[in-house]
Amino acid sequence: MRITGGQLSGRTTKCPDGVIRPAMDRMRESVFAVLGDLKGKSFLDLFSGSGTIAIEAVSRGAVNVALCEKDKIKIPTIIQNVSITEHDMGIKIQCHFMPVEYFIKRCKDNFDYIFLDPPFIYKYHEDLVSKIFENNMLTRDGTILIHRPEEHFMPDKIKGLYRSDQRIYGRSIVDFYSVEGSCIPEAEL
């Protein structure tokens, strides 16, 4: 997989062993184009897989970046992948290796952007978004992005969040949820 933009553009990351469905380059590039400049922003990558989404965020200017992945088989590859941000940019990605649901319950930080990429067989997409909102993990102008298959329905509103954007990539969909009254910049793709 390659980093699609920012300071680390063109660098490659390794795909870990185990079950993984890496986000397509085209999808990652499009999603980050919608988000725009991440300079000084915070970013959380849940169900991280390889760490590539977190690396993309750092590459595009995010400075407080964390990831969470529960699959222990992926740990060595994730650590190797994220080391490029510390080596090349001086920014260390905080890695948490535990179930995402447990991380959400324990998390005391909040983030400008939270990206969720659960396995396509996962069935609790709406519940995850709801729990993130209830735990105040999102900044006031923050956005939750959730990658899902088209057959998993997501409502337009979840608690105090509304779907502010949606992008479709084949049978994959990325929903953007923002706090009511806030908005994300639109980008021409």
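Contact is taken here as heavy atoms within 4.5 Å, and buried as under 20% relative accessible area with a 1.4 Å probe and protein chains only. The model is predicted, so to speak of local features a pLDDT of at least 70 is needed, side-chain atom pairs count only at pLDDT 80 or more, and totals for chains, interfaces and linings use all residues. Residues are numbered from 1 along each chain as its sequence is written, and side-chain values use heavy atoms, with hydrogens and water left out.

Helices (H or I, at least four residues) and strands (E, at least two) are DSSP runs, numbered from the N terminus. Helix H1 spans residues 25-35, and its buried residues are Met-27, Arg-28, Ser-30, Val-31, Phe-32, Val-34 and Leu-35. Their cover includes helix H2 (52-59) along with strands S1 (42-46), S4 (111-116), S5 (138-149), S7 (161-169) and S8 (172-179). After H1 comes Gly-36, with a positive phi near 80 degrees.

Beyond its neighbours within four places in sequence, Phe-115 touches Met-27, Phe-43, Leu-44, Asp-45, Leu-46, Ile-53, Leu-145 and His-147. Between Phe-115 and Val-58 lie 57 residues in sequence and 13 Å in space, C-alpha to C-alpha.

Technical notes. Buried < 20%, exposed > 50% of the residue type's maximum accessible area, 1.4 Å probe, protein only.
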